[in-house]
Amino acid sequence: ETATTLRILGDSLRVIGKFQPAEIVLKRSLDIATQLQLPAAIALAQLSLGNISRIQVSSNNSNAQRNKNLVIPEEKSLNFYQQAGKSTSPNIRVQAQLNQLSLLADKKVGLLNDEKYQNTAKTLLSQVKQEIEALPPSRTKIQTRINLAYTMMAIREQIPTATSHKEIAQILAVAVKQAKDLGNPRTLSYALGTLGNVYEQSPKGDKTLEKFTNKPNNGKKHEN
């Protein structure tokens, strides 16, 4: 019985919908990792527990429940992500921060109706962008950029001043360039598709975004 084996089992149980057994197994994984003082295993278990708690947010929570001060699994999920976000591993740290930001941006959960969470999201957004820049070139880094762009679009729907279509397009344009440099057609296609979505969601197809949507298609390079 190891922390890693239990975490993998817990994640597998989550995928097939066995949420309560998954949470029990993941807590055991965290306990073992803590006892053995394994920082990466601790952070990964916290990340997985945050994901389990987020499922509880989606399935059980509602604005009515929150207003009545009943169970608030989103706080539990955010806490796990915040703990994992302290990891010394850049990849784990960025993933935890992105998951936290994604939960904050989830319109169905409604956290951004609260000014406290709005401020948290703005601060975290700035941190995540810096963390991603520091990651070495890889498919994971490109995927992380794309995920950040999707989350930023969700945030902008609720807090228009938090970011802009142009900033999101710039992030995706870099992802397109990096996908080309790595010779990864699948990731490139995904990045281009996301960039197209940003363009279509911009006011009347904002002309300032055309340079980002046209350049990937004619093979020209983007500037970082």
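This report walks through the overall fold of a predicted protein model and one of its pockets.

Residues are numbered from 1 along each chain as its sequence is written. Because the model is predicted, local features need pLDDT of at least 70 and side-chain atom pairs count only at pLDDT 80 or more, while totals for chains, interfaces and linings use all residues.

Let's start with the whole protein. The protein has eleven helices and zero strands (DSSP runs: H or I of at least four residues for helices, E of at least two for strands, numbered from the N terminus). Of its 224 residues, 46% are buried, meaning under 20% relative accessible area with a 1.4 Å probe, protein chains only. Among contacts (heavy atoms within 4.5 Å) between residues at least 6 apart in sequence, 58% join residues at least 24 apart.

Now for the second largest pocket, which holds about 230 Å³ of space. A pocket here is an open set of points on a 1 Å grid where a 1.4 Å probe fits, with protein on both sides within 12 Å along at least five of seven lines; lining residues have an atom within 4 Å of a point. The volume is the space filled by probe spheres set on the points, which are joined across faces, edges and corners. Of the 13 lining residues, Arg54, Leu98, Ser102, Asn147 and Thr151 are the closest to the pocket's centre.

The most comes from α6, with five residues.

Terms used
Heavy atoms only, no water. Buried < 20%, exposed > 50% of the residue type's maximum accessible area, 1.4 Å probe, protein only.
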